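Have the viewer open while you read, and tell me if anything looks off.

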Amino acid sequence: MKKKILSFLLSITIIISLLLPFNAYSLSNLETTTGNVPGVDFTTSLAQYSEFSRKITDGAFYIPGLVNTVSYDKEYKCYASVPTMVPQAMCTVDQFTLITAYDSDENARSVIYVLDNNKNLVKTLILPDSYHVGGITYDLANRVILIAKATRSAVGVISVDSFYRYLSFNSPFIRVNYSVSESVSDVKISSASGVTYRNGRIYLTSFNSSGSSSAYCYIPTYDSANKTYSLKYQYKFYLPAYTQGITISNYKEKTRLFVSVSYGRSESKSIYCSYLYTYTFDEQTGNKTFDNILACPPMLQQTYCLGGKLYCLFESAADIYRSVNKNPVDVVVPLKLSQLCDEKRGSSVNISVSDVNDGKNVKIATNISGAKIYYSSGMPYIGGKSVKNAYSYKFSYTKTASGMVYAVAVLDGRIVASDAVYVTVGKASAPSKPKITAKSSNAVNLKWNKASNASGYYIYRSTSKNGKYTKIATVSSSKNTFKDKSVKSNKTYYYKVKAYRKGYKNSDFSTYVSVKTKKS
C-alpha cells in the first residue's frame, strides 16, 4: 500500500514539475504569439518571386512564436517570453501540425509549437535541448515523434502517448522530456539537421556547405517496454550542398523526393538564395533522378506533404533575420504538387537543349524584363566561382560533357526564377586507322572503316608524328575515303581521322598513318 501511495505521489510531483517554473516567476504575462509579424507583409514578399508565387495554392497559415515564444531561460532559470526563436521544421501527427524552433541567442530551450486542425496554436512544448534543434517527423508505424538535433548524431524520441498526455494539461505551455533514450545505430552521422519518415524508413540528412550533403536511410525498431529506439542502417545517398531537409511523397504512382536547399541571410550580399529540388526516388536503393528546380524566397527550411500540397516553412521572419532579409515570410506556404511535378520547364526562365555536332546546343532565355541570366554547372547563385557568366535575356552555347545546367533570372539583386536540366553528352565512336590506298607526287588517297552512327568525319594532317595536326577537310557519313590534293612531292605526312555525331562529343582520334609522297 505504501509503495502505491509513493508511486502516486511521485507521479503527481513529476506532473507538477512539468507545469511549474523552476522559481516563483509569474506566468500570467507569458504567451506564444500568433498572427503576422509587425512590419512583415508576406504577400508583397512572395510576389517578388514569379515562378514560386504561381505555384502557391490555398491553405497558408502563420508561423507561431516569431514575436514571442514561451520557453525556459537558462541564464535567469525561469520561464520567459523569448523574442528570438527561429522556426526550423514541420510534420503532422494525426490532426495536429508540429513546428520546431530554436533560440538564436542560445539562452532559451528549443520548442515545438502544436497547432490544431484549424492551424490554431494549442500548446507550446518546451524541449530539454537548448541547442539548434532541427527536423521533426512522425514515425507512424511505431507511433513516436522524432526530432533531429543539429549538434548530435542521434534523434530525440517522444512517444505519441506522452505527446497526448502533454496536450491534456491545462497550461498553454508545458515542459517535456524525451520519453525514451536517444536512438542508437550501427552507422551514425556527425550532424543530423533533418529527419523524415516514409513507408517504415527513417531518413536523416546532414547539412554541408563545402560539398554534397548526405542522407542516410534506416529501418527503425521501437522497444516500448525498454524505452529504446534503434536504427538499422540501409544505405546512403547524396544531396545538393546546403540541404536543409527532405520530404518524400507519392504523386501519380511515382515516389517524389523534395529537397529544400538554402544558405545565407541576405540576397543583397551576393550569396545563396533558396531552391526546391524535385527528384523521382527509389526507396529501395536511394537512387534518384533529377526532375525540376524552383527558385524560392530566401531562407527556405523544411517541408512536408499533405493533401496534394507541399508546405514550405521559412525562417526569414525570425528576429535575427528580419533586418537583413529584404523579403521575409511569416507564413507556411503551400504549393501545388501538380505544378511542382508536372511542369518541367519554367515560364520565366527556360533552358532548351538540342543536338548539334560536337555536343548539345544549350539555349537559355528569360522573359522577365530587365533580368539577367546567370548560368552554371553547379548550384546557381549570384556571385562566386561557380557562375560562368551573365547575359541579358538569352544566351546559347555548346555543352560537350554530361552534367547539370542551372540558370537563374536575377532582378534587383533577387533570384526570381530558375530552371535546370541534366544534359547527357555521349562520345562518338572513333574510326579505324586510315589506310593509304594510293599516292603520287601531288596527292594522297585515304580510306578508313566507318564508325557506328557517325554524322561525318574530320580529316587532320601534320608534317611530324607528334606535331600539331590541322583539320584539312570534313566529309559526310556516306563517305569513308578522302583524296588530299594539297600535298608536296617527296614529303612525309601524317594523317588522323575523327568522327562527329550530332548530340555527341567528337570521337577520339584514330591511330595515325604516315606516308611519303613520290618525287616529281
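Which residue takes a positive phi in the hairpin of β13 and β14? I'll start there; keep in mind throughout that this is a predicted model.

1. **The β13-β14 hairpin.** The residue is N199, with phi near 50°. Two residues lie between the strands here. The strands themselves, β13 (residues 194-198) and β14 (residues 201-206), pair in the antiparallel sense over five bridges. If you want a pair to click on, V195 has L204 in β14 as its bridge partner.

2. **How covered is β13?** Five of the five residues of β13 are buried, so the rest of the structure largely encloses this strand. Have a look from either side: G194, T196 and R198 are buried on one face, and V195 and Y197 are buried on the other. Note that the arginine of this strand, R198, is among the buried residues.

3. Nine bridges join β29 (residues 403-411) to β30 (residues 414-423), and the two run antiparallel. V405 finds its bridge partner in V421 of β30.

4. **The other neighbour of β29.** Strand β26 (residues 372-376) is joined to β29 by five bridges, again antiparallel. There, K372 has V410 of β29 as its bridge partner. As for cover, β29 is mostly shielded, with eight of its nine residues buried.

5. Most residues other than glycine have a negative phi, and most peptide bonds are trans. K227 sits in the loop between β15 (213-223) and β16 (228-239). Then there is K252, also not a glycine, with a positive phi near 50°. You'll find K252 in the loop between β17 (243-251) and β18 (254-262).

6. **Are those two lysines buried or exposed?** K252 has a relative accessibility of 56%, so it counts as exposed. K227 has 41%, so it counts as partly exposed; the cut-off for exposed is over 50%.

7. **The three-stranded sheet.** Three strands make an open antiparallel sheet in the order β24-β25-β28. Its edges are β24 (349-356) and β28 (394-399), each of which pairs on one side only. On average, neighbouring strands of this sheet are turned by 20° against each other, direction ignored. β25 (residues 359-366) and β28 share six bridges in the antiparallel sense, and V362 stands opposite Y397 in β28.

8. **The two sides of α4.** Helix α4 (residues 160-168) has V160, S162, F163, Y166 and L167 buried. These residues cover an arc of only 155° around the axis, so they fall on the same side of α4. The face turned away from that buried side carries D161 and S168, both exposed. As background, an α-helix has 3.6 residues a turn, so residues three or four places apart point the same way.

9. **A buried glutamine.** Q301 belongs to strand β21 (residues 300-306). Its relative accessibility is 2%, so Q301 counts as buried. What does its side chain have for a polar contact? The side chain of Q88 joins that of Q301 at 3.4 Å. Leaving aside residues up to four places away in sequence, Q301 touches P87, Q88, Q244, G245, S260, L313, F314 and E315.

10. **The overall picture.** The protein has six helices and 39 strands. Of its 520 residues, 53% count as buried. Among contacts between residues at least 6 apart in sequence, 60% join residues at least 24 apart. The accessible surface comes to about 22,700 Å², and carbon and sulfur atoms account for 47% of that.

How values were computed:
Residues are numbered from 1 along each chain as its sequence is written. This is a predicted model: local features need pLDDT of at least 70, side-chain atom pairs count only at pLDDT 80 or more; totals for chains, interfaces and linings use all residues. Side-chain values use heavy atoms; hydrogens and water are left out. Buried means under 20% relative accessible area, exposed over 50%, partly exposed in between (1.4 Å probe, protein chains only). Helices (H or I, at least four residues) and strands (E, at least two) are DSSP runs, numbered from the N terminus. Two strands pair if DSSP finds at least two bridges between them. The arc is that of the directions from the helix axis to the C-beta atoms. Axes are lines fitted to C-alpha atoms, for helices over the stretch in contact, and angles run from 0 to 180 degrees between N-to-C directions. A polar contact is a pair of N or O atoms within 3.5 Å; within protein, one must be able to donate a hydrogen and the other to accept it, and residues adjacent in sequence count only if both atoms are side-chain atoms. Contact means heavy atoms within 4.5 Å. Accessible areas come from the Shrake-Rupley method with a 1.4 Å probe; for residues, only the protein chains shown count as cover.
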